[in-house]
Amino acid sequence: MSFDDKKQRIYKDLHRLWSMHLDTKNYKVSRRDLMKGMAGIGLSAGMIKYLMQGSPLGVRKAWAAEGGTPEERAINGAKALFANAKKKTISIMHPSGSGGNMSPFTKEWKELTGFDVELIEVPVTQTHQKAMQEAVAKTGRYDLMIPAPLSLPELAEAGAALDISDYVAKYDPEDSHGENQLEFPVREFGQKYKGRYYGLYCDGDVWHLSYRIDKMKEKGKAPFAPRLMVDTWDDYDKLSAEMNDKANNFYGALEYRSPFWNKFHWMTRFQSKGVLYFDGEMKSMAASPESIKTVEEMVALQEFMPTEQFTYGFTENYAQYYAQGRGFSEFGWPSLWRYSMDAKGAKSVVAGRDDKGFPIQSAPSGIPGTKVGGETLRAVIMPFAWDFVVNKSSEIPEAAYLYAQWLTGPTMSMRSIPNEGGYFDPWRRNHFLKPSPEFFAGYPGDYLGVQFEEMTQAVPEIIMPGAAEYHDAIDKNLQAAYNKQKTPEQAMKDTAKEMDRITKRRGKDKQKEAWIGLAKQYPEPLQKAAGVASWKV
Amino acid sequence: MPPKRFTWYNGIGLTLALIFALFPVLWMISTSFKPSNEWVRQPPVWVSGDATVENYLTVLWPSALLEKRGGLTQYTEGGEQKVAEQTGVGGAVGDILNKSAWQAIWGSVILSVFGTALSIIVGLMAAISIARYRFGGNTTPFFILSGRMFPPIAIAIPFVVMFSDVGATDTYWGLILAYGAVTVPFSTWMLKSFIDDLPKEIEEAAMMDGMSRWGAHLRITLPLIKGGVIATTLFIFILNWSEFLFALILAYTKVSTIPVQLSKYFSATEGLLIGVQAALATVSIVPLVIVGFFIQKHLVRGLTLGAIKR
C-alpha cells in the first residue's frame, strides 16, 4: 500500500470514527460508526475521570472550588455565581430570636459576594410548619430555612429540603475532617438523612448538668471527676436525696416533668442502659424492662423536686429555681449555663466567680450514665439544635448553600455565636478547643471542655419520619406515669403499643430503613451494647 | 309593676362576674409591668414591687432601651463593639431589640380597618340580595357559610399557592382580600338576620314613593339596621384584629400583625418573653376599648335588634 493510499485510509477512518467531513460533504456515517464514535468518547471521558480521581497530586481538588477555608471557598463560589444569578438576594427563614447571629454579617457578605441577605423571622414554634407549607406551595420565597434537625426527614421526604451532598463535596465545609470538624456522632445525625446531607448545623444543643459545687463542698463531698458530678444515675439519685432540703426551699433535683419537655430526661436516662428507642426489627423498646425501670426511677426522684416541675417549661426552671439558688442541679441546654452565669441581666445568685473570673458556686458536668458490663454507658441527649436547609424550590440553591457554608465556617461561626440577640451555641471543634476571648466570655469556666466531651457521647431524638408522633406518644404516657395516673409499666406498654402503631401506619420497611440509618449514627459504645452492627435493612 | 331595686346580692353577683371577666385583663396588665424574674414566680406576684416599663420600651421604643443598657455586644469586623442604634439589616442588633412593634401595630390597624370594610360592604350586599330577592335560592346562604365549615388551615395552603402566583403574598392588599374572604360568611349571616327582622313593606313603600331599589336600601334599610351593622362591624373587626393564621402564612417581612409579633417574642435564655407579650397585648386592646366605648350605645341596640319579633 502506497503512502497516499495509507493517508487516504487514515482520513477515511477518521471520518468514520468522528463523523468529521474533512474533505467531502457526501460522506455518510453508518449507525455502527456512530456507535463506535460515541463509545470512544465515553471511554475516553471515563478514563480521564478515573485518572483525575486517582491522581496523587490531588487533581480532583482542582475541580472543586478554590480557597483555603470553607469561608473562602464559599465567597469565591458565590462571587462566581453572582453575575448570572436569577435572584440577587438570599432570603432566609429563621426562628424568632436568632437574627442577632446573622444580621451583623449581612453587609459583609454583600460586600464580599454581591448577594444581599433578607432575614424573614417566623415564630420559633412555626418553623416546621412554615417549611412544610413551602414543600406544598413551592413558592421559592425562602432560599434557606432554619428548622431543627428533627424536621430534616420530613422535609426531605416532602421535597422541601434540597439534597446538598454535591455542594458539600464541591465546596467542602470541613465538617468531617481537619482541626475544625464536628465530632462524631453529632455531625452525622443532625445533618444527614439516609446518608445524604440535607442540612448544615448552625447551632449545637447537647445537654449538660449544672450543679452547685459550693453546696457539695459544704457537705464535705467532691465531684466524681473534674467534669463529672457523679458517675452513674444511681449516684445521681442518691446525691439528689442527700442534697435535698425542702424545709429551706432547696431541692435536690430539677428535672422537667411538664408536657413536651419531660421526654428528654427519659431519652437520655433510658438509652444509657444500652437499649435504644427501637430494636433492629423496628419494634419499640419503650416497654422493655430497662425503660420501665427508668420511669420508676424518675417517678421516685420526684420526691426531691418542687411541684412546679409539672408545669414549668425550659426557662422557668432556670429563672425560678437554679439561678435563684433554689436547686442543687439541673439538666439543660447551653443557655442554662449562660443564664446561671448572668448576674446582671438574669439576676442569677449562683454566678459567683473568683478573682480570676472562674465560677465558684456553680459547675458544669457531664450527664450521668449506667454501668453495663463494667463500663459506664452515657447517652447525652441533643434536643433541638438548628440547621441551615436549602429550599428545593429556591432559584439560587447553590448561592444559598454557600451563604450557609460561609456563616457556619470555623471563623465566621466563632464570630457569630457570641453575639447578643441570637442564640446559636457551639458545635465545631474549634469552638470548644480554641475559643476566642469573646467566645469564652459567653461560656465561662470549664463549660466548653465539658460540652466538648458531651458532643462525642451525644444521642439524637427520634430523627426520622413520624418523629413528632413518636415523641407525642412517649410524652403523654410519661406524663401519666409522673402524675400517677398509670403505673410506669402500664404507661410504657401503652407507649410501645402506640409507637408500633405509628410504625405500621407509616410503613414498617420504610421506617426500619430510616431507623437503622439513624442507629448507625449512635456513639459506638451504645451501638455495641444494642447490637446495632447485626441490624439489617 | 314594683320598682327594680339593686340588692346586695345583685351587687355580689355583679362583682364576681366582673372579677371573672376582668381578671385575665388585670393579670395581663400587671404582668406587663413585671421584671422577668417575676413573670412566673411561685407564689405568684400579684402586683410587682419592682415595677418596670422595660416591657413597654421593648415593644414601642427599643432604641431607648438599648441606649439605657449601653447597647448590645456585637462582634463584627472591627472586633467587639456596643451597638446602640437601630440600623436595620446590615448591622442590626438582635431580633427583639432590633425593631419595635410599630410595624405590626400599623399592620393590624390597616388590615383590620380595610378588611372589615370589605367584609361589611360585600356582606351587606349579599345579605340584602339573599334576604330580599332570594338570590341563588335557598341554598346560597349555606354555600357562603361552607367556607367556615372546615378548619382554616385547610384553605390556607391553597391561598399561599394562589397568592404567590399573583404576587399577593406579603402585601396589604392581598391580606385585606384574605381577611375579607374569610369573614364574609359571618358578616353576611349576621346582617341577613338583621334585615330579615326588618319588615320589607317599609322598603316597598319607599319604592312606591319613587325611590330606586338602591335608594331604598341605602336610605331606608341601612339606617334602620344601623345598630346591627355597627355590632357586625365590631365583631368582624375583632376577628380581623386577632387573626393569626393567614397573617402568619401569607406575610413575610413587609407586612406584620400584632398576633404574629406576639408569637415572636422569644429568647433562648428566657424562653417566651411573657412580660413583653403582656405589654404588647395591653397596647393592642386599647383601640378596641376606645372604639367599644364610643359605639356602646349602638352596640347594645344592635345586639338586641330583633329581640322582639314582629
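So, helix H16 of chain A, residues 397-407, lies across strands S1, S2, S3, S6 and S13 of chain A. Against S13(A) the helix runs at about 155 degrees. Keep in mind that this is a predicted model.

Now the sheet under discussion. Which order do the strands take? In chain A it goes S2-S1-S3-S13-S6, an open sheet of five strands with mixed pairing. Strand S2 (116-122) and strand S6 (200-203) of chain A stand at the edges with a single partner strand each, so each has one side left without a neighbour in the sheet. For S6(A), there's a pairing with S13(A), residues 386-390, in the antiparallel sense and over three bridges. If you want to find that on screen, look for A:Tyr201, whose bridge partner in S13(A) is A:Asp387.

Okay, over to chain B. Helix H1 (residues 8-32) packs with helix H14 (residues 274-294) at an angle of about 120 degrees, and their axes are 7 Å apart. That makes H1(B) oblique to H14(B), and the crossing is left-handed. Who meets whom? From H1(B) we have B:Met28, B:Ile29, B:Thr31 and B:Ser32, and the H14(B) side includes B:Ile274, B:Gly275 and B:Ala278. Sort the residues of that contact and you get six nonpolar, four polar and no charged.

Last stop, back in chain A: A:Lys246. You'll find this lysine in the loop between helix H11 (233-243) and helix H12 (263-271). Buried or exposed? A:Lys246 has 12 C-beta neighbours inside 10 Å, so it counts as exposed. And relative to A:Lys528, A:Lys246 is 282 residues apart in sequence and 41 Å apart in space, C-alpha to C-alpha.

Technical notes
Residues are numbered from 1 along each chain as its sequence is written. Chains are lettered from A and ligands numbered from 1 in the order in which they are written. This is a predicted model: local features need pLDDT of at least 70, side-chain atom pairs count only at pLDDT 80 or more; totals for chains, interfaces and linings use all residues. Axes are lines fitted to C-alpha atoms, for helices over the stretch in contact, and angles run from 0 to 180 degrees between N-to-C directions. Helices (H or I, at least four residues) and strands (E, at least two) are DSSP runs, numbered from the N terminus. Angles under 35 degrees count as roughly parallel, over 145 as roughly antiparallel, 65 to 115 as roughly perpendicular and the rest as oblique. A crossing is left-handed if the near helix is turned anticlockwise from the far one by less than a right angle, and right-handed if clockwise. Two residues are in contact if their C-beta atoms, placed from the backbone, lie within 7 Å. Ala, Val, Leu, Ile, Met, Phe, Trp, Tyr, Cys and Pro count as nonpolar, Asp, Glu, Lys and Arg as charged, and the others, Gly among them, as polar. A residue is buried if 20 or more other C-beta atoms lie within 10 Å of its own, exposed if 12 or fewer, and partly exposed in between; C-beta atoms are placed from the backbone. Two strands pair if DSSP finds at least two bridges between them.
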